Amino acid sequence: MARVGGRVARSKPRYRLALTVQYASENDGLPTRSRLRTWVKAALQCDADVTVRLVDAEEGRTLNRQYRGRDQATNVLTFAYPDTDPLSGDIALCVPVVERETRDQRKNPQAHYAHLVVHGTLHLQGYDHEKAADARVMETLETEIVTGLGYADPYKKQG
């Protein structure tokens, strides 16, 4: 704890993270392992073993078709492995989809990757956005984490 303006500020608990990063897609602007670690840790609420895999469109489409029944690539997929201690799971980021979204939505690429990593990390921990109330909770938490990392609110229209 540290004193801030006469009051005690509590720091976020530090959780243990074993992170594996796999680059299965090539691009000049991909986030570094260090940034990915920062983003995952910012969203962690427990100890975890996480793999972040950056994939191409073909692998992204295959994963989405196989596990979600949707025959197209999507920006992020999360695979949580229940009943593991520590929490264990994989986050797959489809690089071509993320790049297209950053262009189409005029977003900062690193900010968009940060948001998707935070989003995926929250999914690993059981958050979802299937119901409106759950979506509000998840989006509020994402916004707090992403803005805390120094990026713009991911849900606010850019431009």
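**Exercise 1. Find which residues of α5 are buried, and what they pack against.**

Step 1: Ala135, Met138, Leu141, Glu142, Thr143, Ile145 and Val146 are the buried residues in α5. Buried means under 20% relative accessible area, with a 1.4 Å probe and protein chains only; helices (H or I, at least four residues) and strands (E, at least two) are DSSP runs, numbered from the N terminus.

Step 2: These residues pack against α1 and α4, with contact meaning heavy atoms within 4.5 Å.

A word on the source: this is a predicted model, where local features need pLDDT of at least 70 and side-chain atom pairs count only at pLDDT 80 or more, while totals for chains, interfaces and linings use all residues. Residues are numbered from 1 along each chain as its sequence is written, and side-chain values use heavy atoms, leaving out hydrogens and water.

**Exercise 2. Describe the largest nonpolar core.**

Step 1: Take buried Ala, Val, Leu, Ile, Met, Phe, Trp, Tyr and Cys residues joined through side-chain atoms within 4.5 Å. The largest such core has 32 residues, and Val50, Val52, Leu54, Leu93 and Tyr113 have the most contacts inside it.

Step 2: Elements that each supply at least two residues include β3 (17-23), β4 (48-55) and α5 (132-148). The most comes from α4, with 8 residues.

Step 3: Look at Val52: beyond its neighbours within four places in sequence, its contacts include Leu19, Val21, Leu36, Val40, Ile91 and Leu93.

**Exercise 3. Decide whether Ser25 is buried or exposed.**

Step 1: Locate Ser25 in the loop between β3 and α1.

Step 2: Ser25 counts as buried because its relative accessibility is 11%.

Step 3: Not counting residues up to four places away in sequence, Ser25 touches Leu30, Leu54, Val55, Asp56 and Val95.

Methods: Buried < 20%, exposed > 50% of the residue type's maximum accessible area, 1.4 Å probe, protein only.
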